[in-house]
Amino acid sequence: MVSLTFYGGANEIGGNKILLEDKDARIYLDFGQSFDFGEDYFYEYLQPRAAHGLEVYFEFDLLPKVPRLYSKKMLDRTDLKYEKPDIDAVFISHSHSDHVNHLEFLDESIPVYMGHGTHKILEAYHKLYSSLVDIGEHTSLNLFKSGDKLKIKHLVIEPIHVEHSIPGAYGFIVHTSKGPLIYTGDLRLHGPQSNMTHEFIEKAAKSKPYAMLTEGTRMGSEQEHNYTEEEVEDKIHGIVKESKGIVFVYFSMSNIDRFMSVYRAAIKNKKKLVVDTKFAFILDSLKEKIPVLPDVMADKNIQIYFRLSKSGEFEEKDYKVYERKYMPKMVTYKDISKNQKELVMHMGFNKLMELVYLQPKNADYIYSSSEHFLEGEENEAERTVLENWMKHFGVKFHKAHCSGHASKQDLAHLVKAINPKILIPIHTQRAEDFKGFHVNVKIAEKEKKMEI
Ligand SMILES: [Zn+2]
Ligand SMILES: [Zn+2]
């Protein structure tokens with residue numbers, strides 16, 4: 001008998017945390033944090049302290065009180081007694097927080113499996129944002145690559161690379177006692193590496209699976225045009241071409257496809273791309289795994305921005321150790337304000353203060369990340385602040401983005417091509433809609449065990 005219990009990822013976009021049990025084998029597929037985790041009780045600086053372990057989370061029922069799962073340290077101040085864990089492995093599909101963020105609560109002795117790229121990304125982010133990105137200590141951390149076959153008791157798990165909005169993403173074929181079970185992780189078919197997702201679909205179909213857990217993030221977004229990364233690059237290119245000043249672009253630092261689109265758009269227009277020291281560090285860290293990335297130190301098209309330090313000087317002592325390496329390529333607000341027309345610059349919301357020093361003229365700002373921020377009611381205050389900054393400096397606002405998730409049409413293709421006997425939509429609020437694609441859809445419910 002195979003069973004699945006959904007501790008996250010059921011009737012919600014993200015937060016995947018799925019227990020798979022088959023005979024005496026027990027594994028988790030992802031161990032993420034829901035996007036709305038704690039939002040009813042925590043606000044800005046009203047946050048639980050890491051040192052308090054799970055006490056606060058149990059108080060508000062934010063985490064399930066599952067025995068033999070969490071570490072002794074995390075359970076210290078709670079009424080859940082520590083016992084030796086009974087989980088054989090946790091498999092991580094990719095490094096987005098909604099798939100990895102609760103790893104730090106796990107008992108250290110539970111073996112964790114993730115791709116080489118995922119580990120590299122988490123390591124780099126941990127160095128920059130140690131309290132935000134922390135996977136905790138694990139005595140058995142195992143790194144896999146596409147095509148590996150990993151044995152956990154009688155189960156064999158085969159990770160296969162897929163394309164998503166972050167490098168190093170995987171889907172899994174789990175060979176259970178009842179037959180192969182497919183887990184898609186997060187994926188898309190409209191990016192530059194979509195051949196990887198096609199390979200995953202092909203291998204998954206060939207395994208003749210009896211069940212499939214599929215992501216369904218965009219199941220509800222019917223009419224929208226399914227923008228490809230290529231179209232996004234063209235749009236950014238067009239804006240940079242028309243611009244009469246500096247072009248600021250915001251996108252997630254881990255979205256390497258987007259970085260490449262912006263980088264190429266800058267070069268095509270004979271402009272230089274300015275990134276800050278954090279971004280330089282991320283690019284530098286990932287270069288080894290992603291050879292297509294430019295070498296930030298050697299590439300003449302890239303300049304590295306150093307913010308104004310406390311002392312007002314731009315000296316080594318003013319910056320963190322990791323930043324100092326980039327000082328030979330340093331540009332400051334003085335250089336940028338003089339050469340605005342020749343530059344494209346990465347600019348996040350939290351860095352807008354730099355505009356006071358840069359004093360942009362005829363500038364453009366391209367918002368190149370999830371539309372959620374531009375539409376969601378909960379972001380209204382932040383959005384107004386962004387609008388005020390744009391107005392104050394006379395900056396023209398643009399949008400250019402494509403999703404990291406498969407469109408509804410591509411999900412239909414995926415289901416048809418893989419053709420599992422049982423289809424279980426996860427990572428979606430529109431699971432019922434999959435009934436239009438498949439005759440045997442099972443609906444996942446939070447914290448409920450499903451036998452398949
Ligand atoms: Zn996700
Ligand atoms: Zn993701």
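Axes are lines fitted to C-alpha atoms, for helices over the stretch in contact, and angles run from 0 to 180 degrees between N-to-C directions. Helices (H or I, at least four residues) and strands (E, at least two) are DSSP runs numbered from the N terminus. The structure is a predicted model, in which local features need pLDDT of at least 70 and side-chain atom pairs count only at pLDDT 80 or more, while totals for chains, interfaces and linings use all residues. Residues are numbered from 1 along each chain as its sequence is written, and chains are lettered from A and ligands numbered from 1 in the order in which they are written.

**View 1. Packing of helix α5 on helix α14.** Helix α5 (residues 194–206) meets helix α14 (residues 408–418) at an angle of about 35°, and their axes are 8 Å apart. Ile201, Ala204 and Ala205 of α5 make the contact with Leu414, Ala417 and Ile418 of α14; two residues are in contact if their C-beta atoms, placed from the backbone, lie within 7 Å. The contact of α5 with α14 comprises six nonpolar residues, no polar and no charged ones. For these classes, Ala, Val, Leu, Ile, Met, Phe, Trp, Tyr, Cys and Pro count as nonpolar, Asp, Glu, Lys and Arg as charged, and the others, Gly among them, as polar.

**View 2. The two sides of helix α14.** Lys408, Leu411, Leu414, Val415 and Ile418 are the buried residues of α14. Seen down the helix axis, the buried residues of α14 fall within an arc of 115°, so they line one face of the helix; the arc is that of the directions from the helix axis to the C-beta atoms. An α-helix has 3.6 residues a turn, so residues three or four places apart point the same way. Gln409, Lys416 and Ala417 are exposed on the other side of α14. A residue is buried if 20 or more other C-beta atoms lie within 10 Å of its own, exposed if 12 or fewer, and partly exposed in between, with C-beta atoms placed from the backbone. The buried residues of α14 pack against α5, β10 (179–183), β11 (211–215) and β19 (422–426). Asn419 follows α14 and has a positive phi, near 50°.

**View 3. The loop between β19 and β20.** His427 lies in the loop between β19 and β20 (449–451). Its phi is near 55°, a positive value in a residue other than glycine. His427 counts as buried, with 29 C-beta neighbours inside 10 Å. Phe437 lies in the loop between β19 and β20, but counts as partly exposed, with 19 C-beta neighbours inside 10 Å. Not counting residues up to four places away in sequence, Phe437 touches Ala412 and Val415. The C-alpha atoms of Phe437 and Leu423 are separated by 9.6 Å, with the two residues 14 apart along the chain.

View 4. Seven of the eight residues of strand β8 (residues 155–162) are buried, so the strand is largely enclosed by the rest of the structure. Two strands pair if DSSP finds at least two bridges between them. Strand β7 (residues 150–152) runs antiparallel to β8 and is joined to it by three bridges; Lys151 stands opposite Val156 in β8. The hairpin of β7 and β8 has two residues between the strands, and Lys153 in the turn has a positive phi of about 50°. Seven bridges join β8 to strand β9 (residues 169–176), again antiparallel. Ile160 has Gly171 in β9 as its bridge partner. In the hairpin of β8 and β9, six residues lie between the strands, and Gly168 in the turn has a positive phi of about 70°.

View 5. Seven strands form an open sheet with parallel pairing, in the order β15-β14-β13-β16-β12-β17-β18. At the edges stand β15 (330–331) and β18 (396–399), each with a single partner strand, so one side of each is left without a neighbour in the sheet. Four bridges pair strand β17 (residues 364–367) with β18 in the parallel sense, and Asp364 has Lys396 in β18 as its bridge partner. Helix α8 (residues 277–286) packs on the sheet, touching β13 (272–276), β14 (302–305) and β16 (343–346), and its direction makes about 100° with that of β13.
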